[in-house]
Amino acid sequence: MWGKIFSFIGNHWVDIFLILVGASALLIYYLQERKKVSEAASLISMQVEDLQKRISEIGTFIVEGQLNEGAFYESQILFKTDYWDMYKHYFVRKIDSYSFSLFDNFYNCASEILEQQQLMKNLQKNSFFLSQQSIMQMETNALLQSLSMSEQTSVDVSQLIKAMENTVPADMDSEQKKALENALRQISLSNSNANSELFWSLYNKTKGNVHAAINQKALTSYIPMQIRITLENALKKNASIPIIGCEGYRKIKKIAKRKF
């Protein structure tokens, strides 16, 4: 019997070798795909847990019907990559349809909250930029008014340019700076009898008043009410989604923990 087996192997060793190579390749492919699914499950489960915590934190940013602007400004973006949208095709046949729907709803809520968070942050950044533009405009007006009110002795134009460089925004382009410098030179020439000491006294006082007014929120920061309303609705909907307790979540956690 063994002789026949060895004879068969000897006559068909090439075919047997090819079969073993093919089987090994299929096994390796299967294990690699299985590992991909496990890694996807791990990313999704960890992100769901993290989103639950961070969404709860964002809920604390609404106090007595008002948005806490400082908390929103300091908050980190809710998430950058939607792992469920990226990998949910792996789990279409692995979890029940109810759980699948819960995951879709949960991530839809998280995306809505993220959108409102980003809108809030963008409004804050734009508000800062517009405030800086307003400060620059008011300081320029104060500078011009102080020059016209101090017509006694000449003004050192280099000091004016230096003062301008300390007050204009860092992102002001070179052409704008050049135009402002030229305007200062022209004004300085036309006010050759201006009193330098009086000029700096007037200008510094007005500039100080401008900064004090801005620091005391003289400029209104407008945040649309719709952001708060949309956030509250999304937070309520999210709170009603039992994502952690569903069977699909437990299945995904189990897949994430497997070794092979």
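Author: Let us begin with one residue and its surroundings in this predicted model. Leaving aside neighbours within four places in sequence, Arg 228 is in contact with Ile 62, Gly 65, Gln 66 and Leu 67.

Reader: In which helix is Arg 228 found, and is Arg 228 buried or exposed?

Author: Arg 228 belongs to helix α8. A residue counts as buried under 20% relative accessible area. Arg 228 has 17% relative accessibility, and therefore the answer is buried.

Reader: Which helices and strands does the protein chain contain, and in what pattern do they follow one another?

Author: The protein chain has nine helices and two strands. Read along the sequence, their pattern is α-β-β-α-α-α-α-α-α-α-α.

Reader: Where does Glu 64 lie, and is Glu 64 buried or exposed?

Author: Glu 64 sits in the loop between β1 (62-63) and β2 (66-67). Most residues other than glycine have a negative phi. Glu 64 is not a glycine, yet its phi is positive, at about 50 degrees. The cut-off for an exposed residue is over 50% relative accessible area; Glu 64 has 78%, so the answer is exposed.

Reader: What percentage of the residues in the protein chain is buried?

Author: The protein chain exposes about 16900 Å², of which carbon and sulfur atoms supply 55%. Of the 260 residues in the chain, the buried share is 32%.

Reader: Which residues have the most contacts inside the largest nonpolar core?

Author: In soluble globular proteins, nonpolar side chains tend to be buried together. Here the largest nonpolar core has 39 residues. Those with the most contacts inside this core are Leu 78, Trp 84, Phe 91 and Phe 103.

Reader: Which helix gives the most residues to this core?

Author: At least two residues of the core come from each of α1 (2-59), α2 (69-74), α4 (97-148), α8 (225-239) and α9 (247-257). With ten residues, the helix that gives the most is α4.

Reader: Which residues does Phe 91 touch, not counting residues up to four places away in sequence?

Author: Phe 91 is among the residues with the most contacts inside the largest core. Under that sequence limit, Phe 91 touches Val 37, Ala 40, Ala 41, Ile 44, Trp 84, Phe 100, Ile 252 and Ile 255.

Reader: Which residues is Leu 51 in contact with, leaving aside its neighbours within four places in sequence?

Author: Leu 51 is in helix α1 and is buried, because its relative accessible area is 0%. Leu 51 and Phe 106 are 55 residues apart along the chain, and their C-alpha atoms are separated by 9.6 Å. The contacts of Leu 51 are Leu 78, Phe 79, Phe 106, Tyr 107 and Ala 110.

Reader: How far apart in space are Leu 114 and Ile 55, C-alpha to C-alpha?

Author: Leu 114 is in helix α4 and counts as buried, because its relative accessibility is 11%. Beyond four places in sequence, Leu 114 is in contact with Ile 77, Leu 78 and Phe 79. Leu 114 and Ile 55 are 59 residues apart in sequence, while their distance in space is 9.3 Å.

Reader: Which residue has its backbone oxygen 2.8 Å from a polar atom of the side chain of Gln 117?

Author: Gln 117 lies in helix α4 and counts as buried, because its relative accessibility is 1%. Not counting residues up to four places away in sequence, Gln 117 touches Ile 58, Phe 72, Ser 75, Gln 76, Ile 77 and Leu 78. The backbone oxygen 2.8 Å from its side-chain polar atom belongs to Gln 76.

Reader: How many disulfides does a search of the whole structure find?

Author: Cys 109 counts as buried, because its relative accessibility is 4%. Cys 246 is also buried, with a relative accessible area of 5%. The number of disulfides found in the whole structure is zero.

Definitions and conventions: Residues numbered from 1 in each chain as written. Predicted model: local features only at pLDDT ≥ 70, side-chain atom pairs only at ≥ 80, totals over all residues. Heavy atoms only, no water. Helix = DSSP H or I, 4+ residues; strand = E, 2+ residues; numbered from the N terminus. Buried < 20%, exposed > 50% of the residue type's maximum accessible area, 1.4 Å probe, protein only. Areas by Shrake-Rupley, 256 points an atom, 1.4 Å probe, with all protein chains shown as cover. Core = buried A, V, L, I, M, F, W, Y, C linked by side-chain atoms within 4.5 Å. Contact = heavy atoms within 4.5 Å. Disulfide = S-S within 2.5 Å. Polar contact = N/O pair within 3.5 Å; in protein donor to acceptor, adjacent residues only side chain to side chain.
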